[in-house]
Amino acid sequence: MKFKDLLLVDLLLGLWTTIKHFPRKKFTVQYPEKKLAVPQRFRGMFRLNVNTCLGCLMCQNACPIDIIHMEVHDETTPEGKKRKVVDRFDIDIKRCMFCGICESVCPNKGKMLTLRTGSYEWAAYERDHALYFDRERLTHAVDEYWAARGGWPEHLRPPDAADPCACILPPKKEDA
Amino acid sequence: MSPELLSWMSPELLNWVVIPAVKTAVILAIVLTIVAYATLLERKVLAYIQARVGPNRAGPKAILQPLADGFKLMSKEDLVPDGAMRFLHLLAPILIMVPALAIFAFIPMGDTTTLFGLLEEPVPIFVADLNVAVLFVIGFAGLGLYGVVLGGWASNSKYSLLGALRSAAQIVSYEVPQALALIGVLVLAGSMSLVRIVEAQREMGVWFAFPGFLAFFIYFVCGVAETNRNPFDLPECESELVNGYFTEYSGVKFALFYMAEYANILVVSCLSTILFLGGWLPPFPSLAVWQHLPSLPLFWFLAKVFVFIFFYIWVRATFPRYRFDQLMGLMWKWMLPLALANLILLALVKLWLLK
Amino acid sequence: MLDIQELEINMGPQHPATHGVLRIILKLDGEKIVGARPVIGYLHRGTEKIFESQTYSGNVPHTDRLDYTAAATSNHAYCGAVEKLLGIEVPRRARVVRVILDELQRIASHLIWLGTHALDIGAMTPFFYNFREREYILDLFEEFCGARLTLHCMKVGGVYDDLPPGWIEKLQRFIEVFDKAVWDYEDLLTGNRIWKQRTIGVGVISPEEAIDWGLTGPPLRGSGVKWDVRRALPYEIYPELEFDIPVGRNGDTYDRYLVRMEEMRQSSRILKQCIQKLEPGDVVAKGVRVLRPKPAEVYFSVEAPKGELGYHILSDGTDKPHRVKVRPPCFVNLQVLPALVKGHLVADVVAVIGTLDIVLGEIDR
Ligand code: SF4
Ligand code: SF4
């Protein structure tokens with residue numbers, strides 16, 4: 001045992017370290033009042049633009065847990081072009097791990113199906129509100145989310161976003 | 001309050017029943033409020049030390065947090081585990097709370113007060129000035145152990161049992177050096193009455209913390225052990241024994257255990273203040289300045305107690321926890337010889353310096 | 001004569017100090033431990049079986065969920081194994097980025113370890129300081145790949161995206177902050193007599209025993225064996241980097257603590273060098289679309305924060321692996337627990353669990 005030990009230097013050093021932090025700035029963010037800005041690449045809730053979706057089923061096949069369920073039918077546009085119309089596009093959100101693979105395989109990444117919406121407050125009062133998203137919810141939910149929060153943040157706004165969500169869904173096969 | 005109003009009472013009734021009862025009620029109210037807010041203080045100070053803000057939602061600056069905690073705990077279901085001894089399970093939190101509060105009867109928070117001139121005769125700010133108060137305090141503090149041991153035993157849980165065992169081992173280790181440290185103070189003061197001890201510090205013009213710095217240190221360390229606080233929170237350390245002896249408690253009983261911890265901290269802080277920091281005396285009581293300033297006994301007393309409580313919290317935030325054999329080693333191998341040496345030292349000091 | 005029985009207690013699966021759902025059946029004589037038996041499997045999700053039913057690229061997010069405190073190294077080990085299977089050459093920039101991610105992850109994982117280890121031994125404040133610094137790292141990850149914990153930040157052939165603009169500056173700022181913050185942890189713990197009493201001489205394991213048990217990572221190096229996958233079986237750009245491999249002397253909890261503290265400093269040193277080595281270029285190998293390796297067998301391992309994390313993949317010519325076997329460092333390290341705690345007190349069990357730095361997601365798979 002050294003003389004230094006008798007003076008409790010080690011203990012005093014610890015006390016000094018903790019009290020040093022006492023007056024310092026605190027790191028807590030008071031959540032509901034203040035929110036952290038999410039970076040552009042943040043993987044939030046899905047947003048689907050069903051009109052530009054090619055119906056190529058790449059996302060459905062790539063999803064590691066097979067939670068994207070799609071049905072498509074072929075259609076010829078008035079201009080004579082062949083295209084696929086998405087009748088069903090469901091994502092079983094409750095099982096999704098937000099890995100982003102579906103987004104990364106989508107042709108023209110980020111335009112059709114995207115996770116980069118910066119939205120994360122998806123707690124819901126109704127039990128089935130945020131469990132299973134169908135075509136309509138996928139299209140509108142995020143737009144509504146940001147509309148309720150005063151519009152899209154600039155760094156996240158997709159080019160086709162309109163603030164009252166104006167997207168018109170293509171008719172499904174049985175409707176046509 | 002004018003004397004006529006009280007004139008229907010016989011002086012015996014007044015002096016022996018009414019005034020002590022009123023004082024007891026007032027002191028209980030003060031103590032329980034301090035205890036409740038000590039929990040808030042602890043959470044706030046810990047939070048500030050740990051770079052966070054702590055509770056800040058219940059009322060402005062979390063003023064209502066203790067109330068909210070109280071309501072929460074009271075509305076919880078009172079669970080008694082299967083196979084527990086119901087009576088002892090109920091008795092334990094009471095046994096730990098009552099002695100902790102009883103000690104406050106002997107703690108002088110100031111000498112006398114006239115309540116800003118309301119009373120004609122000054123009334124002492126303590127319930128009883130016992131001539132063997134120190135013995136009483138040590139005794140009552142020891143009684144708290146029964147609460148811990150019974151709680152651990154009656155819960156029918158192995159973790160609680162281990163906590164109780166540790167607590168029993170802990171108390172035999174810290175009580176001896178603690179008592180020896182106190183004897184040093186008694187030697188200096190020449191009395192066992194807490195009021196006399198403070199008076200003695202006034203007469204000698206020096207806080208006992210200076211001549212008795214070793215005793216002060218030992219008493220503080222043992223006090224941490226007595227209140228089961230980090231770094232000696234072995235009976236309840238949550239990372240080993242879940243919650244030690246009160247693992248199986250919930251609701252109001254849990255609240256009692258929880259409050260008893262803070263009541264004990266308050267006891268130890270008050271005693272340290274009285275024994276070593278001159279109780280309600282201002283710093284360096286012999287200085288001439290104090291003659292010209294109003295004497296604020298309650299202010300000085302509470303300020304010193306606050307410093308102690310803060311230090312407790314600060315220590316808790318800083319240190320890791322001792323192992324229970326290491327605690328016993330520390331107490332028996334270091335604190336006990338130190339306390340004995342200190343006793344001799346203080347006796348010599350008393351003999352030659354502070355006649 | 002009293003009938004003296006050994007007390008048998010269940011530590012876990014719900015216990016504040018077992019880091020997840022580990023259950024240890026302790027046999028006690030008073031407080032002394034005469035036997036300890038870890039029971040695992042509470043977090044078993046059949047990940048290795050899931051691997052067999054998914055494509056090679058679809059498996060990457062599942063690896064996040066093994067060691068969830070160090071997802072980047074899990075991704076790296078798996079992607080590296082698949083790349084080895086397919087013979088894919090990862091572009092240089094991607095290699096540097098991967099090393100940056102790995103080392104950040106190592107710091108983040110060690111910070112969790114330090115916080116929880118200190119909390120177990122009763123020091124509550126380091127936990128908050130550690131998590132404050134870890135938060136910076138998670139922010140960096142979030143900005144890079146969009147997630148904070150289950151990162152999925154690498155893909156077979158490289159990484160998904162290039163570093164976002166301004167990221168490197170933030171990284172540099174983090175390194176500055178971190179190099180200072182480490183001293184706070186040291187001041188709080190390293191010299192502290194209580195910390196020393198609690199850790200020195202607890203859970204000692206000799207170098208020979210450590211090798212016999214198959215330990216890797218800090219538990220092995222704490223015993224003085226200088227073995228680190230980054231040096232022993234070098235991968236990515238580690239051979240070009242200068243860093244030391246800290247080793248302990250006594251093989252006790254305190255030495256393992258010192259080893260990890262030093263590793264965090266070395267990681268920060270590596271990060272500084274990596275920033276110098278970043279050159280513009282591709283971040284993903286060209287022409288990696290459909291992954292359909294020929295029947296073969298590979299083993300690839302990286303130095304995860306907890307030890308050697310290896311993936312053993314058997315391919316059968318389809319786009320799904322035939323069998324994937326993970327060599328999780330935690331699983332191997334956990335097995336010495338009974339040997340380490342025997343004869344110690346209950347309080348030491350938590351110290352030893354902490355020093356082994358286990359994550360149940362990886363043990364149970
Ligand atoms: S994010 Fe991942 S899990 Fe979720 S739908 Fe897309 S591919 Fe599937
Ligand atoms: S969302 Fe993208 S990947 Fe999925 S079907 Fe539409 S275009 Fe194809």
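By class, the shell around ligand 1 comprises 11 nonpolar residues, 1 polar residue and no charged residue, where Ala, Val, Leu, Ile, Met, Phe, Trp, Tyr, Cys and Pro count as nonpolar, Asp, Glu, Lys and Arg as charged, and the others, Gly among them, as polar. The model is a predicted one, in which local features need pLDDT of at least 70 and side-chain atom pairs count only at pLDDT 80 or more, while totals for chains, interfaces and linings use all residues. Residues are numbered from 1 along each chain as its sequence is written, chains are lettered from A and ligands numbered from 1 in the order in which they are written, and side-chain values use heavy atoms, with hydrogens and water left out.

The residues around ligand 1, each with a heavy atom within 4 Å of the ligand, include A:Cys63, A:Cys96, A:Cys99 and A:Cys102. Also among them are A:Phe46, A:Pro64, A:Ile65 and A:Gly100. Ligand 2 is surrounded by 13 residues, of which A:Cys53, A:Leu54, A:Cys56, A:Cys59 and A:Cys106 are the closest. This second shell divides into 12 nonpolar residues, 1 polar residue and no charged residue.

Chain A contains 5 helices and 4 strands, taken as DSSP runs numbered from the N terminus (helices: H or I, at least four residues; strands: E, at least two). Along the sequence, the elements of chain A follow the pattern α-α-β-α-β-β-α-β-α. Chain A has 176 residues, 43% of them buried; buried means under 20% relative accessible area, exposed over 50%, and partly exposed in between (1.4 Å probe, protein chains only). Contacts are heavy atoms within 4.5 Å; of those in chain A between residues at least 6 apart in sequence, 68% join residues at least 24 apart. A:Glu136 belongs to helix α5 (residues 135-148) of chain A, and A:Glu136 counts as partly exposed because its relative accessibility is 28%. Between A:Glu136 and A:Val50, 86 residues apart in sequence, the C-alpha to C-alpha distance is 8.9 Å.

Chain B has 12 helices and 2 strands, and its elements run α-α-α-β-β-α-α-α-α-α-α-α-α-α from the N terminus on. Of its 355 residues, 53% count as buried. Among contacts in chain B between residues at least 6 apart in sequence, 76% join residues at least 24 apart.

The largest nonpolar core holds 185 residues, a core being a set of buried Ala, Val, Leu, Ile, Met, Phe, Trp, Tyr and Cys residues joined through side-chain atoms within 4.5 Å. Helix α9 (residues 251-276) of chain B contributes the largest share of this core, 15 residues. The residues with the most contacts inside the core include B:Phe104, B:Leu194, C:Leu104 and C:Tyr311. Residues up to four places away in sequence aside, B:Phe104 touches B:Ile27, B:Val31, B:Met109, B:Ala263, B:Leu266, B:Val267 and B:Cys270.

In chain C, strands β6 (residues 296-304) and β7 (residues 307-315) run antiparallel and are joined by 9 bridges; strands pair if DSSP finds at least two bridges between them. A hairpin of 2 residues connects β6(C) to β7(C), and C:Glu303 stands opposite C:Glu308 in β7(C). C:Thr253 lies in helix α11 (residues 253-277) of chain C and counts as buried because its relative accessibility is 0%. Not counting residues up to four places away in sequence, C:Thr253 touches C:His117, C:Thr199, C:Val202, C:Gly203, C:Ala351 and C:Thr355.
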